[in-house]
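Welcome! Let us walk through this protein together, one topic at a time.

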Amino acid sequence: MDASILLWIQEYLRTPWLSAFFRQITKLGNAGIFWILAAIFFLCFTRTRKIGIEASASLLLSFLINNVFLKNVVARIRPYEVVDGLHRLIEKQSDFSFPSGHTASSFAVAVILYLELPKKYGVPFMILAVLISFSRLYLGVHYPSDVLAGAVSGSLIAWSVHKIKNRLVKPE
């Protein structure tokens, strides 16, 4: 089913302008750079420092659990290497496929920001996380189950970090 979804996306959704758009969107997730910069931004201000700490902790845990541990234990080959007829739209990836690190890091930080910020600021971060996640399917570098696992993992990590922070830190 994973392969069928990817081939359907390739056949029915890919257009030149969407391809250009999703190539740029996915770059925001490369090495977690957008999310690292967001965490640093929140760390810079006294008023948002706790949010920056939560985002940083969530991002670090996501990296360790997903990129360092799970990717190497599961060792799933990228879909463009095994799905006949699937063409990737970006360069070959240097790590394994499961779970999607782009997705996990995106949700690890976006969920923190959604929980901590007013919704008018939190919702756009969640939308960006979804777009980055979908870009991985659109570009042919992840299976849907990789992306789903990354979203669940990143969200659970963020939720856990948020709950731990709430137990340790008294509200202001």
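## Reading the model

Helices are DSSP runs of H or I with at least four residues, strands are runs of E with at least two, and both are numbered from the N terminus. This is a predicted model, in which local features need pLDDT of at least 70 and side-chain atom pairs count only at pLDDT 80 or more, while totals for chains, interfaces and linings use all residues. Residues are numbered from 1 along each chain as its sequence is written, and side-chain values use heavy atoms, with hydrogens and water left out.

## Ser100 and its loop

Ser100 lies in the loop between α5 (79-82) and α6. Is Ser100 buried or exposed? At 0% relative accessibility, Ser100 counts as buried; buried means under 20% relative accessible area, exposed over 50% and partly exposed in between, with a 1.4 Å probe and protein chains only. Ser100 is in contact (heavy atoms within 4.5 Å) with Lys71, Arg136, His142, Asp146, Val147 and Gly150, leaving aside neighbours within four places in sequence. The C-alpha atoms of Ser100 and Arg136 are separated by 8.0 Å, although these residues are 36 apart along the chain.

The loop between α5 and α6 also holds Pro99. The peptide bond from Phe98 to Pro99 is cis, with omega near -10°.

## Two alanines with positive phi

Most residues other than glycine have a negative phi, and most peptide bonds are trans. Ala31, in the loop between α2 and α3 (33-43), has a positive phi of about 55°. Ala31 counts as exposed, at 71% relative accessibility.

Ala75 has a positive phi too, near 55°. Ala75 is located in the loop between α4 and α5 and is partly exposed, with a relative accessible area of 29%.

## Aromatic pairs

A pair of aromatic rings is described by the distance of the centres and the angle of the planes. Rings of Phe, Tyr and Trp (its six-membered ring) pair if their centres lie within 6.5 Å; planes under 30 degrees apart count as stacked, over 60 as edge-to-face and the rest as tilted. How many aromatic pairs does a search of the whole structure find? The search finds 10. In one of them, the ring centres of Trp8 and Tyr12 are 5.6 Å apart and the planes are at 40°, so the pair is tilted. Both residues lie in helix α1 (residues 2-12), 4 residues apart, about one turn of the helix. Trp8 is partly exposed at 46% relative accessibility, and Tyr12 is exposed at 57%.

The rings of Phe21 and Phe22 have centres 5.0 Å apart and planes at 70°, so this pair is edge-to-face. Phe21 is partly exposed at 35% relative accessibility, whereas Phe22 is buried at 6%. Ring pairs link Phe21, Phe22, Phe134 and Tyr138 into a cluster.

## The largest pocket

On a 1 Å grid over the protein atoms alone, a pocket is an open set of points where a 1.4 Å probe fits, with protein on both sides within 12 Å along at least five of seven lines; lining residues have an atom within 4 Å of a point. Grid points are joined across faces, edges and corners, and a volume is the space filled by probe spheres set on the points. The largest pocket has a volume of about 450 Å³. Of its 27 lining residues, the closest to the centre are Gly29, Asn30, Ala31, Gly32 and His102. α4 gives the most to this lining, with 7 residues.
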